[in-house]
Amino acid sequence: MDMIINNDTIIKDNDSLIREKSEDVNIPLSKEDENLLWDMLNYVKNSTIPEIAQRDNLRPAVGISAIQVGVKKKMTAVVLKDENGEIEVEYALVNPKIVSYSMEKAYLPTGEGCLSVEENHSGYIYRPARIKVKAYDLLQQKNITIVADDYLAIVLQHEFDHFKGILFYDHINKENPFYLDENAICIE
């Protein structure tokens, strides 16, 4: 059975469930876990196609984690498209783990957003500029290693934070949200 994922069914940050920790997933995946991950991936892919997004009540996204649909499992789907709407990067990850990261930091000048966060939280979020991740990828049906930098590195770290119950605005400096770390890379 497919799960209906839309803006109404995504868990928001006023629900304490979003702060709970996710658990490792058994591999091989159960049919239920596999179906959920496909549904999550399809949400992300369809969320940036205006006609489908409007029809199905989807907010644009580059990633979604299982906790956001009420499932406390370490699964996330990420899709990055180029300016023409062509898919550049696509993952359906299970049990992803950052195995190394750079000391150099990066941030998005516009800040970050989240399907589970409806209010605006302005400020810079500094994350490692480069990471190495090990995970099982449903699309390739095998364990993979991802070396990510810049925007992809930020997106992956944002999604993996969900496994720990952390939201992007937890990283914003409360006293000085736009504190500028001059050593950090600005990802345009």
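**Helix H1**

I started with helix H1, residues 31-47: at 1.5 Å a residue its 17 residues should span 24 Å, and the end C-alpha atoms are 24 Å apart, which agrees. For the expected span I used 1.5 Å times one less than the number of residues. Helices here are DSSP runs of H or I with at least four residues, strands are runs of E with at least two, and both are numbered from the N terminus.

Before going on, I noted that this is a predicted model, where local features need pLDDT of at least 70 and side-chain atom pairs count only at pLDDT 80 or more, while totals for chains, interfaces and linings use all residues. Residues are numbered from 1 along each chain as its sequence is written, and side-chain values use heavy atoms, with hydrogens and water left out.

Next I listed what H1 buries (under 20% relative accessible area; exposed is over 50%, partly exposed in between; 1.4 Å probe, protein chains only). The buried set is Asp33, Glu34, Leu36, Leu37, Asp39, Met40, Leu41, Tyr43, Val44 and Ser47. Those residues pack against helix H2 (50-56) and strands E1 (63-65), E2 (75-81) and E3 (87-101). Contact means heavy atoms within 4.5 Å.

**Whole chain**

I counted 3 helices and 8 strands in the protein chain. From the N terminus the order reads α-α-β-β-β-β-β-β-β-α-β. The radius of gyration is 16 Å, close to the 16 Å that the globule rule gives for 188 residues, so the chain is as compact as a globular protein of that length. That radius is taken over C-alpha atoms, and the rule is 2.2 Å times the number of residues to the power 0.38. Along the principal axes, the C-alpha trace spans about 50 × 35 × 35 Å.

Buried residues are 48% of the 188. Of the contacts between residues at least 6 apart in sequence, 72% join residues at least 24 apart.

Val78 sits in strand E2 and is buried, at 1% relative accessible area. Beyond four places in sequence, Val78 touches Leu41, Val62, Gly63, Val89, Glu90, Tyr91, Leu152, Val155, Leu156 and Glu159. I checked Val78 against Glu32 too: 46 residues apart in sequence, 19 Å C-alpha to C-alpha.

Asn6 lies in the segment before H1 and is buried at 13%. Its contacts, neighbours within four places aside, are Tyr43, Asp56, Asn57 and Leu58.

Lys73 is in the loop between E1 and E2, and at 26% relative accessibility it counts as partly exposed. With neighbours within four places left aside, Lys73 is in contact with Ser22, Glu23, Val25, Asp33, Ala66 and Phe163. Lys73 and Leu152 are 79 residues apart in sequence and 21 Å apart in space, C-alpha to C-alpha.

**Helix H3**

Last stop was H3, residues 150-162, which reaches 19 Å from first C-alpha to last, close to the 18 Å expected for its 13 residues. I found 11 of the 13 buried, so H3 is largely enclosed by the rest of the structure. Among them are Leu152, Val155, Leu156 and Glu159, which also turn up in the Val78 contact list.
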